[in-house]
Amino acid sequence: MKQDLINKLLDNNISIAELATLCPLVNETDLADILQRIYDLNERDILSLAALTGLMALFDNNKNNRRNARFTKKIQKGFRDNSLNKIVLAEGDSWFNYPVVLTDVIDALSMDENLAVFSLAKGGDWLLNMLTGRKYVEELSVLHPDFFLISGGGNDIVGARRLAAIVKPPDGENEYEKNLWANALCDKADKTFTEFKEDDFLEGTTYLSKDFFALLMFFHLQFYFMMNGILNGGHSGVTKFPGITILTQGYDYPIPSTNKNFGWNPFKWYIPFVRLLLGHGTWLKIPLEIRGIYKPEKQRKVMYAMIFLFNEMMIQTGAYFNKTTRGRVFHIDSRGSVGENGWTDELHAQPPHFINTGKVFAYCIRDAEDQHKNASYDHVYVVTDILNKLK
Amino acid sequence: MKLVHTLAWLFFIGVLAFDIGQYLDLVVAQRIPGNLFGLPFLPPTEAAHRLCIWSNIVVRQGGTALDQVRLNTRWDFLFIVGYVTVLINLSYAQMQNESRSWANTLLRFNFPLAIFAGLCDVTENFILLRDMLPYIVCKDNYISPYYFSSLKFIFGGAAVIILLFSVTSAPKSFQWKTRIPVPPPPSPKQ
């Protein structure tokens, strides 16, 4: 039965109820199997594709070493004696660890004296690596944090030009319409706090292939697997970390571009520097062009649809765990917070925007004292909404 | 990585100590006339004259004072690499503590400031090495590195000031604002 459901998932014709049935059934072997079939590669090749090597890995480690040295210093000063102080474990990608020049979300969060943040995040890391490496499991057992922060999935979509494999020129087949689960994500989405451009979304979805939806559902399974392991102890049903809260994030709508953005503002010198040296254009713009999607407006809409669904998937995954006990998983929704002119490159916000997202993470953590009564809605903190309230 | 950091600091301190040692030896112990560091800021005729004087003074190490100054100028390239790296490194580390958005941006601006200071210093050294060539010294063919030296101090000085400002003025204990301000109650109707 499980195999049938997996086949249906990969064929993009699984029902909502069937996906819900599949979630608790999958194990690591199943995840590896699904992955190999989505990527058309064997597991070893996928892992080597996703592996972090060279200078980037060195810089990632350097930044984490600095952060974790600060974490240890705080702990040594009796940090855990004060119940208002919180321990945070962060696992994620470049939104959590941009190892050169920029100030990222975790940098901002770590500035707060009441938070001790231990970081495993690595720029360029794939969710797949995080799950197979299981470093977070090891650190959860050692640190017993109050909060676990996860930012992942972005590189699984755009790394190694994978984006080209999950989009298609419109061919009359609308995979979005076939996927009832994705339709439900959109229907259930709260559209009060983030502006929803329905026409852009619907046009964007016509470019998404069957593999995109398989990948989106695969992310759902992966996050479910991870969260279930932390909150419920996986198949054992007994958690080692009672009281832990998970915070997720889902990026903002990026703008595909190869423009180097040379300008006269000396304080934004780093934008052309980053764009020239660190892969700008190769993540979104060029893969979309490889599939014949040339018009910038269409490219923007494709990314709009993807990020909209990705965020809703994260919210939905968290909602599974909040059904039984409220306040276990929260989502920090950055959609619309960076805007069109706030990007350093195709994927990364300029530091003030990263800092803003960091502030909202801090806000959400502190709001635990008020039983998260100040969330934008349900279990979601919308960055633009919270920043407006804090003004 | 910690080992690399420690080695980088040791390297920087070593080069700095060597430079100071050379200065003390030539100017204090051997009483070479004139200020080695002030050379680029002298009027060209005076600077050329000073180089000419140094080329005629024999020093303890062998050769002339000018040979020693030339050697020190070459060592200075290492010092440039050292101080640019240190400035960038310290600014980057301070960025992790700097919660004020504008000050955080200024610290990021320190990267190009330090690099420009280093580039100006390199250019200054090349000009000085050219001025110290045996067939140019005492031949009234001196080129002043004045503008590059001035820019070096402006860029480098600005970077140091920004760094010191951030370190000394950053709040000692910081929390992100997490309380939504309560709106004032509506005033009673008249």
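These legends go with several close-up views of a predicted model.

**View 1. Two helices of chain B lie side by side.**
Start with helix H3 of chain B, residues 65-95, and helix H4 of chain B, residues 101-131. Their axes are 9 Å apart, and the angle between them is about 175 degrees. Since angles over 145 degrees count as roughly antiparallel, that makes H3(B) roughly antiparallel to H4(B). If you sort the residues of this contact by class, you get 13 nonpolar, 7 polar and 4 charged.

**View 2. Chain B meets chain A.**
Here 20 residues of chain B and 27 residues of chain A take part in the contact. Which elements of chain B give two or more residues to the side that touches chain A? They are H3 and H4 of chain B. The most comes from H4(B), with 6 residues. On chain B's side of the contact, you'll find 8 nonpolar, 9 polar and 3 charged residues.

As a bit of background, nonpolar side chains tend to be buried together in soluble globular proteins. Now zoom in on A:Val88. Not counting residues up to four places away in sequence, A:Val88 touches A:Leu109, A:Leu115, A:Ala116, A:Val117, A:Pro145, A:Asp146, A:Phe147 and A:Leu149.

**View 3. A:Pro145, one of the residues touching A:Val88.**
You'll find A:Pro145 in the loop between helix H8 (135-143) and strand S3 (147-151) of chain A. Is A:Pro145 buried or exposed? It has 21 C-beta neighbours inside 10 Å, so A:Pro145 counts as buried. Leaving aside neighbours within four places in sequence, A:Pro145 is in contact with A:Ile87, A:Val88, A:Leu89, A:Leu140 and A:Ile244. Take A:Ile244 from that list: A:Pro145 and A:Ile244 are 99 residues apart in sequence, but their C-alpha atoms are 6.8 Å apart in space.

Let's check the length of H13(A) first. With 23 residues at 1.5 Å a residue, H13(A) should span 33 Å, and its end C-alpha atoms are 32 Å apart, which agrees. Of those 23 residues, 20 are buried, so H13(A) is largely enclosed by the rest of the structure. Just after H13(A) comes A:Gly233, with a positive phi of about 70 degrees. Helix H17 of chain A, residues 351-366, has 16 residues and reaches 22 Å from its first C-alpha to its last, close to the expected 22 Å. In H17(A), 15 of the 16 residues are buried, so this helix too is largely enclosed by the rest of the structure.

Most residues other than glycine have a negative phi. A:Tyr251 sits in the loop between strand S4 (245-249) and helix H14 (270-277) of chain A. With 26 other C-beta atoms within 10 Å, A:Tyr251 is buried. A:Asp378 lies in the loop between H17 and strand S6 (380-382) of chain A. A:Asp378 has 14 other C-beta atoms within 10 Å, so it is partly exposed.

**View 4. Helices H11 and H16 of chain A cross.**
At what angle do the axes of H11(A), residues 180-188, and H16(A), residues 296-324, cross? They cross at roughly 85 degrees and come within 9 Å. H11(A) and H16(A) are therefore roughly perpendicular to each other. On the H11(A) side, A:Ala182, A:Leu185 and A:Cys186 make the contact; on the H16(A) side, A:Leu309, A:Glu312, A:Met313 and A:Gln316 do. By class, that's 5 nonpolar, 1 polar and 1 charged.

B:Ala170 is in the segment after helix H5 (146-169) of chain B. It has 15 C-beta neighbours inside 10 Å, so B:Ala170 counts as partly exposed. Setting aside neighbours within four places in sequence, B:Ala170 is in contact with B:Asn97 and B:Glu98.

Methods: Residues are numbered from 1 along each chain as its sequence is written. Chains are lettered from A and ligands numbered from 1 in the order in which they are written. This is a predicted model: local features need pLDDT of at least 70, side-chain atom pairs count only at pLDDT 80 or more; totals for chains, interfaces and linings use all residues. Axes are lines fitted to C-alpha atoms, for helices over the stretch in contact, and angles run from 0 to 180 degrees between N-to-C directions. Helices (H or I, at least four residues) and strands (E, at least two) are DSSP runs, numbered from the N terminus. Angles under 35 degrees count as roughly parallel, over 145 as roughly antiparallel, 65 to 115 as roughly perpendicular and the rest as oblique. Ala, Val, Leu, Ile, Met, Phe, Trp, Tyr, Cys and Pro count as nonpolar, Asp, Glu, Lys and Arg as charged, and the others, Gly among them, as polar. Two residues are in contact if their C-beta atoms, placed from the backbone, lie within 7 Å. The expected span of a helix is 1.5 Å times one less than its number of residues. A residue is buried if 20 or more other C-beta atoms lie within 10 Å of its own, exposed if 12 or fewer, and partly exposed in between; C-beta atoms are placed from the backbone.
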